[in-house]
Amino acid sequence: MRTSIGILSWKARETIVKTLRSYEKAGIANAFDEAVIHFNSRSPQDDAIAREFAWRAAGDERNLGLLGGTAQLAREMTGDILLMLQNDCPVCVDGEKAREY
């Protein structure tokens with residue numbers, strides 16, 4: 001079975017970078033066959049972030065909202081099992097660490 005991890009993001013560059021760094025440190029993306037970020041209102045800066053962390057960028061200039069963006073993210077992912085997250089869902093080791101975000 002193929003597994004996919006995906007993130008929905010909208011104009012939260014600082015937050016998603018923190019989240020992606022936490023995933024990188026924990027080796028999260030490497031546990032999946034594919035890693036996708038759907039950017040609502042996608043920009044060249046968003047593409048650069050995805051490239052920096054070796055995730056596939058998806059989305060376009062439209063803001064599909066939370067529900068529409070999540071549905072589109074699911075369509076863009078190819079895995080049999082999908083883990084869909086938000087841009088502000090870092091890996092948290094403990095409660096104190098979680099409150100830093």
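# Reading a predicted fold, one feature at a time

Visitor: Which residues of α1 are buried?

Guide: First, the cut-offs: buried means under 20% relative accessible area, exposed over 50%, and partly exposed in between (1.4 Å probe, protein chains only). In α1 the buried ones are Ile16, Val17, Thr19, Leu20, Ser22 and Tyr23. As a general idea, an α-helix has 3.6 residues a turn, so residues three or four places apart point the same way. For contrast, look at lysine 25, which also lies in α1: with a relative accessible area of 77%, lysine 25 is exposed. Lysine 25 and valine 91 are 66 residues apart in sequence, yet their C-alpha atoms are 9.0 Å apart in space.

Visitor: What follows α1?

Guide: Glycine 27, with a positive phi near 70°. The general idea is that most residues other than glycine have a negative phi. Lysine 11 is not a glycine, but its phi is positive, about 50°. Lysine 11 sits in the loop between β1 and α1 and counts as exposed at 54% relative accessibility. Serine 41 has a positive phi too, near 55°, and its place is in the loop between β2 and α2. Serine 41 is buried, though, with a relative accessible area of 16%.

Visitor: How many salt bridges are there?

Guide: A salt bridge is a side-chain nitrogen of Lys or Arg within 4 Å of a carboxyl oxygen of Asp or Glu. By this rule the count is four. One of them joins the side chains of arginine 13 and aspartate 46, at 3.2 Å from N to O. Arginine 13 lies in helix α1 and aspartate 46 in helix α2, so this pair ties together parts that are 33 residues apart in sequence. Arginine 13 is partly exposed, at 32%, whereas aspartate 46 is buried, at 3% relative accessibility. Another salt bridge links arginine 42 to aspartate 47, at 2.5 Å from N to O.

Visitor: Is histidine 38 buried or exposed?

Guide: Histidine 38 is buried, with a relative accessible area of 2%, and lies in strand β2. Setting aside neighbours within four places in sequence, histidine 38 has contacts that include Ile7, Leu8, Ala58, Leu64 and Glu76.

Visitor: Which residues line the largest pocket?

Guide: On a 1 Å grid over the protein atoms alone, a pocket is an open set of points where a 1.4 Å probe fits, with protein on both sides within 12 Å along at least five of seven lines, and lining residues have an atom within 4 Å of a point. Among the lining residues of the largest pocket are Leu20, Tyr23, Glu24, Gly27, Phe53 and Trp55. The largest share of the lining, three residues, comes from α1. The pocket has a volume of about 160 Å³, a volume being the space filled by probe spheres set on the grid points, which are joined across faces, edges and corners.

Notes: Residues are numbered from 1 along each chain as its sequence is written. This is a predicted model: local features need pLDDT of at least 70, side-chain atom pairs count only at pLDDT 80 or more; totals for chains, interfaces and linings use all residues. Side-chain values use heavy atoms; hydrogens and water are left out. Helices (H or I, at least four residues) and strands (E, at least two) are DSSP runs, numbered from the N terminus. Contact means heavy atoms within 4.5 Å.
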